[in-house]
Amino acid sequence: MAIVEMVMPRMGESVMECTIISILKKVGDRVEADDSVMEVATDKVDTEVPTPYGGVIAEILVKEGDVVPVGNAIIRIETNGSVAVPVAEESQEVQTLEREIETVTQSLVANVQHSSSTHTSSEAVSTRFYSPLVQTIAKMEGVSLQELEQIAGTGAENRVTKKDILDYLASRNSSPQSMGGSPQSMVDSQQANPKPETANPKHETSKGIEVVPMDRMRKMIAERMVESKRISPHVSSFVETDMTNIVLWRNQIKDEFKRQTGEGLTFTPLLIEAVVKAIKDFPLINISVEGDTILKKRDINVGMAVALPSGNLIVPVIHNADQYSLIGLAKKVNDLANRARQNKLTADDLAGGTYTVSNIGTFGNIMGTPIILQPQVAIMAFGAIQKRPVVIETPQGDVIGIRSMMYISHSYDHRVVDGALGGMFVKRVSDYLSEFDLNRKLF
């Protein structure tokens with residue numbers, strides 16, 4: 001028998017810690033390799049953590065609400081026989097992670113100190129560590145540094161966990177004086193967020209109005225959308241596209257595609273394919289801005305907006321989309337969309353996007369003005385495909401015909417994308433779609 005330690009795995013390149021949402025197993029449970037043992041939250045996604053070992057859970061080293069750095073031990077598992085665990089290398093990796101976390105911690109503390117000094121000179125400067133998740137929640141709820149200092153932390157080294165701050169907010173909303181914060185901070189909080197003294201905003205209905213608090217994802221979406229409009233001066237261009245060839249071709253091929261691949265063929269991979277071709281023609285649309293510097297991206301990583309059953313929106317990414325065939329794109333689109341709706345995306349599935357598309361036509365919308373997903377500089381929305389009478393030019397003269405038409409909307413960051421580039425890019429996408437080859441072979 002051997003005891004091995006399972007550590008918190010990396011959930012993405014920029015993710016340094018995770019918050020434990022729920023623990024799915026208990027001490028004494030038998031697990032197989034790849035069984036999910038807990039659910040965690042990062043600033044990008046909620047996901048389940050699988051165990052790399054099979055055996056019996058001997059000890060659970062964390063509890064719900066804890067903020068756990070990547071690389072820290074979370075569970076001890078008793079395995080049958082010996083398990084090769086490179087202790088020295090693992091220890092060295094953990095030490096490296098600890099150094100990285102220390103660097104991030106010092107940076108965050110400096111940011112908190114700077115923020116507190118710019119808000120008011122009377123606030124005490126804090127050296128207490130707050131995780132990015134806790135800081136985000138505090139910022140969105142208007143919790144001052146003084147209020148954070150008053151919250152008793154239940155995490156490691158008395159850290160304030162996600163559960164601690166949410167419990168505090170629930171208590172503050174129902175009874176502003178119950179947490180024992182300083183009178184001035186309570187007055188400031190009440191002035192910034194006035195609330196009825198006897199009402200519970202989570203359930204109160206008054207004069208036909210029901211107050212529904214935002215969930216964590218909706219708060220994050222709201223914050224990022226406001227931030228994007230603040231950062232990027234949005235400009236939009238529109239084109240009308242003849243989708244008749246694509247509609248006819250898809251209708252001819254979709255049943256055979258389903259039989260041979262087991263996948264449904266939607267319009268989305270065809271739209272993404274056209275976008276990828278246009279990005280190759282206009283690589284200056286595949287950039288980001290960092291200060292006064294433009295970063296040109298070699299990889300073409302296309303994000304696609306997916307509506308969730310909860311009503312929220314998430315944007316998984318097709319990495320290196322230019323390296324997929326149409327069949328590969330169709331499979332990737334279906335896989336990401338299905339896992340998004342089942343809450344099974346990983347942080348890596350959401351990271352690294354360089355350009356984003358949104359198929360708003362699935363909701364019957366004919367056009368829209370999407371908001372750029374930072375730090376990208378452009379986003380495209382495809383409207384509903386509708387049959388309309390249009391003028392068709394022929395050698396014998398103009399005629400009226402019934403065609404399948406679609407509007408494309410292109411929003412772009414006018415700091416670095418001018419009307420010429422933004423307009424030519426969306427027109428090129430339109431050209432690739434309207435000139436689609438009806439005789440194209442899929443297999």
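I took helices (H or I, at least four residues) and strands (E, at least two) as DSSP runs, numbered from the N terminus. The model is predicted, and I used local features only at pLDDT of at least 70 and side-chain atom pairs only at pLDDT 80 or more, whereas totals for chains, interfaces and linings use all residues. I counted residues from 1 along each chain as its sequence is written, and took side-chain values from heavy atoms, with hydrogens and water left out.

**Entry: a pair within one helix**

I began with Arg 259 and Glu 256, which form a salt bridge with their closest N and O atoms 2.6 Å apart. For a salt bridge I required a side-chain nitrogen of Lys or Arg within 4 Å of a carboxyl oxygen of Asp or Glu. Both residues sit in helix H7 (residues 244-261), and because they are three residues apart there, about one helical turn separates them.

I then looked up accessibility, calling a residue buried under 20% relative accessible area, exposed over 50% and partly exposed in between (1.4 Å probe, protein chains only). Arg 259 is exposed at 63%, while Glu 256 is partly exposed at 28%.

**Entry: salt bridges across the chain**

How many salt bridges does the structure hold? I found 15. Side chains of opposite charge can pair when their charged atoms come close.

Glu 5 and Arg 76 form one of them, at 2.9 Å from N to O. This pair links distant parts of the chain, with Glu 5 in strand E1 (residues 2-7) and Arg 76 in strand E8 (residues 73-79), 71 residues apart. Glu 5 is partly exposed, with 31% relative accessible area, and Arg 76 is also partly exposed, at 25%.

Next I looked at Asp 281, which forms a salt bridge with Arg 428; the closest N and O atoms are 3.1 Å apart. Asp 281 belongs to helix H8 and Arg 428 to helix H10, so I noted a link between distant parts of the chain, 147 residues apart. Relative accessibility is 33% for Asp 281, which is partly exposed. Arg 428 is partly exposed at 31%. I also noted that salt bridges with shared partners join Glu 5, Glu 59 and Arg 76 into one network.

**Entry: aromatic rings**

I counted three aromatic pairs. Rings of Phe, Tyr and Trp (its six-membered ring) pair if their centres lie within 6.5 Å, and planes under 30 degrees apart count as stacked, over 60 as edge-to-face and the rest as tilted. The ring centres of Phe 282 and Phe 425 are 6.4 Å apart and their planes stand at 80°, so this pair is edge-to-face.

Which parts does the pair tie together? Phe 282 lies in the loop between helix H8 (268-281) and strand E12 (287-290), and Phe 425 lies in helix H10 (residues 419-434), so the tied parts are 143 residues apart in sequence. Phe 282 is buried at 13% relative accessible area, and Phe 425 is buried at 0%.

Arg 250 lies over the face of Phe 267, 4.6 Å from the ring centre.

**Entry: a nonpolar surface patch**

Ile 366 is partly exposed at 37% relative accessibility. Phe 238, Ile 366 and Met 367 make a nonpolar surface patch of about 250 Å². Patch residues have over 30% relative accessible area and no salt bridge, with like charges joined within 9 Å and nonpolar side chains (Val, Leu, Ile, Met, Phe, Trp, Tyr) within 5 Å. Accessible areas come from the Shrake-Rupley method with a 1.4 Å probe, and for residues only the protein chains shown count as cover.

Definitions and conventions. Lys NZ or Arg CZ within 6 Å of the ring centre and 35° of its normal.
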